[in-house]
Amino acid sequence: MREVVPVVERVQETPSTVTLRFDFAPVAAPGQFVMLWIPGDDELPMSLSYTDGPRKGVTVKAMGDTSRRVLGLGAGTRIGVRGPYGRAFDLSPRRLLVVAGGSGAAVLAPAAAEARQRGASVTVALGATTAPELLFAERFRAMGAEVVEATDDGSAGTRGFVTGPTARLLGERPFDAVWTCGPEVMMLKVVEAARSRGVPTFCSVERHMKCALGMCDACALGPFHVCTDGPVFEAGRLLGETEFGRFHRDPSGRRLPG
Ligand SMILES: Cc1cc2nc3c(=O)[nH]c(=O)nc-3n(C[C@H](O)[C@H](O)[C@H](O)COP(=O)(O)OP(=O)(O)OC[C@H]3O[C@@H](n4cnc5c(N)ncnc54)[C@H](O)[C@@H]3O)c2cc1C
Ligand code: FES
């Protein structure tokens, strides 16, 4: 499905992050993404931060030029949306640890909400640079999740990376699964901590995308197309891939560290 629709609501979530809500009828599952474009301008893959019903949403962090232009769009502006694409989270685990770094909370919040509705217990380790940048902390609490915060500067929760509370929580109590999204170096540490406790981990991975249909190879990660084999992967499938957590690719497909 491909449509140009008006933005019906714009919410400033944190100083650097905005949610745009729009009506887009196709059924979507938490973990899936859309390709979002500004007509006459550029297109970006964006996870759906609201998947329920026809009123969908994306939550965009200011990064480079295109995302900053998306942040500048107000209610009434028309945007292009195609999708939804990709594999969603498996919502069956009963005791979940959700680990979000920065804008990674965007894809994890609707998945956590759906899991809560199905009766799962959800603990969220939520990380950001500073307290005002903690994304969806109140949304997670309102759905009945326990939220454990970490900030780089110590302005809320534990000082340091969210991997600290993650390791502690994994040592304190049993979980059936870990879901994580954030910088790959963070996800790699989360995967290693969870694997040492025998807890399966599911990562939402980002790569450069063009077609989102498994045809152009722009999003290649080893043998996988992130757009169709992911973006949600069981971590065991990624660990053999030397790129995961170590390299990304630029628009031309060149491999870059980080
Ligand atoms: C599956 C998936 C889900 C994502 N979900 C979110 C989300 O929920 N919230 C969020 O803030 N970000 C999300 N991203 C990242 C987002 O797509 C951009 O990579 C990010 O916003 C930076 O884009 P930019 O144009 O600001 O950066 P720049 O570095 O300035 O981009 C340079 C150029 O590359 C293009 N470009 C940048 N990234 C991509 C990309 N991944 N694919 C294709 N073209 C690209 C830009 O349009 C521009 O032309 C997601 C990425 C993927 C793959
Ligand atoms: S974006 Fe074209 S194959 Fe994935």
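Which residues does Val98 touch, not counting residues up to four places away in sequence? They are Leu108, Ala112, Val122, Thr123, Val124 and Trp179. Touching here means contact: C-beta atoms, placed from the backbone, within 7 Å.

## Ground rules

This is a predicted model, where local features need pLDDT of at least 70, side-chain atom pairs count only at pLDDT 80 or more, and totals for chains, interfaces and linings use all residues. Residues are numbered from 1 along each chain as its sequence is written, while chains are lettered from A and ligands numbered from 1 in the order in which they are written.

The chain splits into domain 1 (2-85) and domain 2 (95-257), with bounds from an automatic or database domain assignment. Their C-alpha centres sit 20 Å apart. Domain 1 puts 19 residues into the contact and domain 2 puts in 17. On the domain 1 side, strand S4 gives the most, with 5 residues. Strands are DSSP runs of E, at least two residues, and helices are runs of H or I, at least four, numbered from the N terminus.

Val98 turns up again in the largest nonpolar core, which has 75 residues; Val98, Leu108, Ala112 and Val124 have the most contacts inside it. Such a core is a set of buried Ala, Val, Leu, Ile, Met, Phe, Trp, Tyr and Cys residues joined through C-beta atoms within 7 Å. H2 gives the most to this core, with 9 residues.

## Around ligand 1

Ligand 1 has 24 residues around it, and the closest are Ser47, Lys61, Gly64, Thr66 and Ser67. The cut-off for being near is a C-beta atom, placed from the backbone, within 6 Å of the molecule. Strands S4 (43-50) and S5 (55-61) and helices H1 (65-71) and H2 (105-117) each supply at least two residues of this shell. Since domain 1 and domain 2 both give residues to the shell, ligand 1 lies between them.

## Helix H4

In helix H4 (residues 163-172), the buried residues are Thr163, Pro165, Thr166 and Leu170. Buried means 20 or more other C-beta atoms within 10 Å of a residue's own, exposed means 12 or fewer, and partly exposed is in between, with C-beta atoms placed from the backbone. Looking down the axis of H4, these buried residues fall within an arc of 160 degrees, so they line one face of the helix; the arc is that of the directions from the helix axis to the C-beta atoms.

The face of H4 turned away from the buried side carries exposed Gly171 and Glu172. Covering the buried residues of H4 are, among others, strands S7 (95-101) and S8 (121-128) and helix H5 (184-196).

Notes: Contact = placed C-beta atoms within 7 Å.
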